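Subject: A structure for you to look through

Hello,

Here is the structure I promised to pass on to you.

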Amino acid sequence: MDKKVSKAFEKSIELLKVSELNFNNKFYADSINRSYYAVFHAANALLIKKGIFAKTHSGTIREFGLEYIINDNFNKEIGKFFNSLEKDREKADYDYSYNATKNKAKKDLYNAKRFIEECKHFL
């Protein structure tokens, strides 16, 4: 496996662990943030594998959708988590009226785990 691909995926696994630590310590907004970034780095690992380097988060989501969900066999239901996790992360990070709940953080962590497991099939 290419070194950049493996580094990006290792970062993804590390952030998933940090998300779980945050969740277990009741830092729900931070758990949501780390769940999103775990998925973001896993998606980037797969894009790097195909020689694709997006410059923005929305570009990464778009390119991932085109390359893996539309043109490859990535599970569409699981692939949708990427976009919804980004929206949750933006609310958790920037919307001061947003209350990051235990249930939302738990759901996002679960979905991030599913996304990363699906990514493993494409490494």
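Below is what was found in it, going from the overall fold to single residues.

First, some ground rules. This is a predicted model, in which local features need pLDDT of at least 70, side-chain atom pairs count only at pLDDT 80 or more, and totals for chains, interfaces and linings use all residues. Residues are numbered from 1 along each chain as its sequence is written, and side-chain values use heavy atoms, with hydrogens and water left out.

**The overall fold**

The protein chain has five helices and zero strands, and its pattern along the sequence reads α-α-α-α-α. Here helices (H or I, at least four residues) and strands (E, at least two) are DSSP runs, numbered from the N terminus. The radius of gyration is 14 Å, close to the 14 Å that the globule rule gives for 123 residues, so the chain is as compact as a globular protein of that length. That radius is taken over C-alpha atoms, and the globule rule is 2.2 Å times the number of residues to the power 0.38. Along its principal axes, the C-alpha trace spans about 40 × 25 × 20 Å.

Buried residues make up 46% of the 123 residues; buried means under 20% relative accessible area, exposed over 50%, and partly exposed in between (1.4 Å probe, protein chains only). The accessible surface comes to about 7100 Å², and 50% of it belongs to carbon and sulfur atoms. Accessible areas come from the Shrake-Rupley method with a 1.4 Å probe, and for residues only the protein chains shown count as cover. Among contacts (heavy atoms within 4.5 Å) with a separation of 6 or more, 68% are between residues 24 or more positions apart.

**The core**

The largest nonpolar core has 38 residues. Such a core is a set of buried Ala, Val, Leu, Ile, Met, Phe, Trp, Tyr and Cys residues joined through side-chain atoms within 4.5 Å. Leu46, Phe64, Tyr68, Phe74, Phe82, Phe115 and Cys119 have the most contacts inside this core. Helices H1 (3–24), H2, H3, H4 and H5 each supply at least two of its residues, and H2 gives the most, with 13.

Not counting residues up to four places away in sequence, Phe82 touches Tyr36, Val39, Phe40, Ala43, Thr60, Ile61, Phe64 and Phe115.

**The salt bridges**

Side chains of opposite charge can pair when their charged atoms come close. A salt bridge is a side-chain nitrogen of Lys or Arg within 4 Å of a carboxyl oxygen of Asp or Glu.

- Lys50 pairs with Glu67, with the closest N and O atoms 3.5 Å apart. Lys50 is in the loop between helix H2 (28–49) and helix H3 (57–70), while Glu67 is in helix H3, 17 residues apart. Lys50 is partly exposed, at 36% relative accessible area. Lys50, Glu67 and Asp72 are also linked in a network of salt bridges.
- Arg114 pairs with Glu77, with the closest N and O atoms 3.6 Å apart. Arg114 lies in helix H5 (residues 102–120) and Glu77 in helix H4 (residues 76–94), so the pair ties together parts that are 37 residues apart in sequence. Arg114 is partly exposed at 24% relative accessibility, and Glu77 is partly exposed at 47%.
- Lys104 meets Asp88 at 3.3 Å, N to O. Lys104 is in helix H5 and Asp88 in helix H4, 16 residues apart. Lys104 is partly exposed at 23% relative accessibility, whereas Asp88 is buried at 6%. Leaving aside neighbours within four places in sequence, Asp88 is in contact with Ile32, Lys104 and Asp108.

Lys17 lies in helix H1 and is exposed, with a relative accessible area of 54%. The C-alpha atoms of Lys17 and Ala38 are separated by 8.9 Å, although the two are 21 residues apart along the chain.

Where does Lys26 sit? Lys26 is in the loop between H1 and H2, and is exposed at 64% relative accessibility. The phi of Lys26 is near 65°, a positive value in a residue other than glycine.
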